[in-house]
Amino acid sequence: MRIKATKGKQGIGTDVKDATYVEAARWGKYRGWRYVLGLVIILFAWLVVGSGASVLVAFALGGQADPSVLSPVEYYLFVMASFLFFLAGILIAVSLVHRRHPRTLVTAQERINWHRVGHGFVAWFVPYCLIGGLGQYLFYPDTFSFNSDLLTLALFVPLALVLTAIQTTTEELFFRGYVVQGASLIWSNRVFLAIVPAVIFTLPHLLNPEVSAGGWLTVFSNYFFVPGLVWTVVSLIDGTTELAIGVHFANNIGGVLLFNITGSALPSPALFTISEYHATYGALAVLVAVPVFLAIAYKVFKRDGVSKLFSQSDRKDRR
């Protein structure tokens with residue numbers, strides 16, 4: 001059975017096969033007050049319930065509410081605790097308030113294209129390692145130290161993979177999914193839809209220690225421009241947040257498992273620890289990584305070819 005989108009402000013019904021995830025904002029129940037209620041539910045679950053859960057984790061692991069006494073792995077768990085409730089709030093808002101499938105925050109299609117998520121991961125992970133990691137080592141070798149406690153790292157890997165995937169996917173569902181969809185009901189202009197989530201994505205990250213070390217340059221390049229603006233533009237072009245989900249996971253898992261900066265917002269027993277944050281290099285690195293990412297995502301992993309491959313796998317699965 002084919003599902004059709006509810007008529008929106010332009011009065012146009014959209015077939016699922018041709019719809020983008022932004023157009024899915026007009027499916028189910030989409031009146032403005034529902035988005036306000038949904039935001040209240042999501043923010044309450046994240047900032048109130050989630051923060052309470054993080055405090056409980058700190059007490060359970062360190063015996064006090066002060067997370068600074070926790071080890072890197074314990075601190076990681078302290079931070080990740082709130083994202084479980086953040087995700088729950090999003091699922092409740094979309095399912096119960098808007099009466100549509102949470103998948104519509106990612107794609108308007110019947111299934112998520114996990115190939116495309118994987119392509120996003122590879123397209124960002126490669127320049128991240130070469131430019132952000134190896135490049136920084138070549139310029140500042142004295143700031144790198146190797147983690148000799150490989151047993152702790154090995155035990156941490158499966159935990160980091162699962163919880164980081166939850167964290168980054170949750171942020172994508174909210175900032176590039178729910179926020180963009182809600183903003184599209186106000187104005188469907190793509191510039192507007194790109195800037196709104198970029199600004200909102202930047203705001204909670206202003207408390208990160210990297211901001212104090214790098215100042216406005218870090219705020220602009222590492223939060224507003226690349227993860228905020230560029231990844232949103234890519235999602236609007238693709239009509240889905242699949243690439244952005246893979247990119248975000250690649251970015252964060254690289255920082256958690258490979259190159260962790262001392263005093264970062266999310267300390268971890270990574271393979272290498274960088275003792276000093278160089279804001280200028282960090283900004284240049286992400287700016288250089290963007291065209292490399294785009295080349296891989298759209299030249300190596302061509303969209304049409306991916307769609308055909310996914311369609312073929314769909315047909316095989318249904319046999």
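This is a predicted model: local features need pLDDT of at least 70, side-chain atom pairs count only at pLDDT 80 or more; totals for chains, interfaces and linings use all residues.

Residues are numbered from 1 along each chain as its sequence is written, and side-chain values use heavy atoms, leaving out hydrogens and water.

Let us begin with helix α2, residues 72–97. Helices here are DSSP runs of H or I with at least four residues, strands are E runs of at least two, and both are numbered from the N terminus. The expected span of a helix is 1.5 Å times one less than its number of residues. For the 26 residues of α2 that gives 38 Å, and the end C-alpha atoms are 38 Å apart, so the two agree. Several residues of α2 are buried, among them Y76, M80, F83 and F86; buried means under 20% relative accessible area, with a 1.4 Å probe and protein chains only. Their cover includes α1 (32–62), α4 (150–184) and α7 (242–257). After α2 comes R99, whose phi is positive, near 55°.

Next, find T164 in helix α4. T164 is buried, with a relative accessible area of 0%. Leaving aside residues up to four places away in sequence, T164 touches Y76, M80, F249, N252, I253 and V256, where contact means heavy atoms within 4.5 Å.

How do α5 and α6 pack? Helix α5 (residues 190–205) and helix α6 (residues 209–238) meet at an angle of about 145°, with axes 8 Å apart. Axes are lines fitted to C-alpha atoms, for helices over the stretch in contact, and angles run from 0 to 180 degrees between N-to-C directions. Residues making the contact include L193, F201 and H205 of α5 and Y223, F224 and L236 of α6. The contact residues divide into 16 nonpolar, four polar and one charged; Ala, Val, Leu, Ile, Met, Phe, Trp, Tyr, Cys and Pro count as nonpolar, Asp, Glu, Lys and Arg as charged, and the others, Gly among them, as polar.

Finally, look for an open sheet of three strands in the order β1-β3-β2, with mixed pairing. Two strands pair if DSSP finds at least two bridges between them. β1 (144–146) and β2 (259–261) are the edge strands, each with a single partner, so one side of each has no neighbour in the sheet. β2 pairs with β3 (residues 272–274) in the parallel sense over three bridges, and N260 has T273 as its bridge partner in β3.

Note on methods. Buried means under 20% relative accessible area, exposed over 50%, partly exposed in between (1.4 Å probe, protein chains only).
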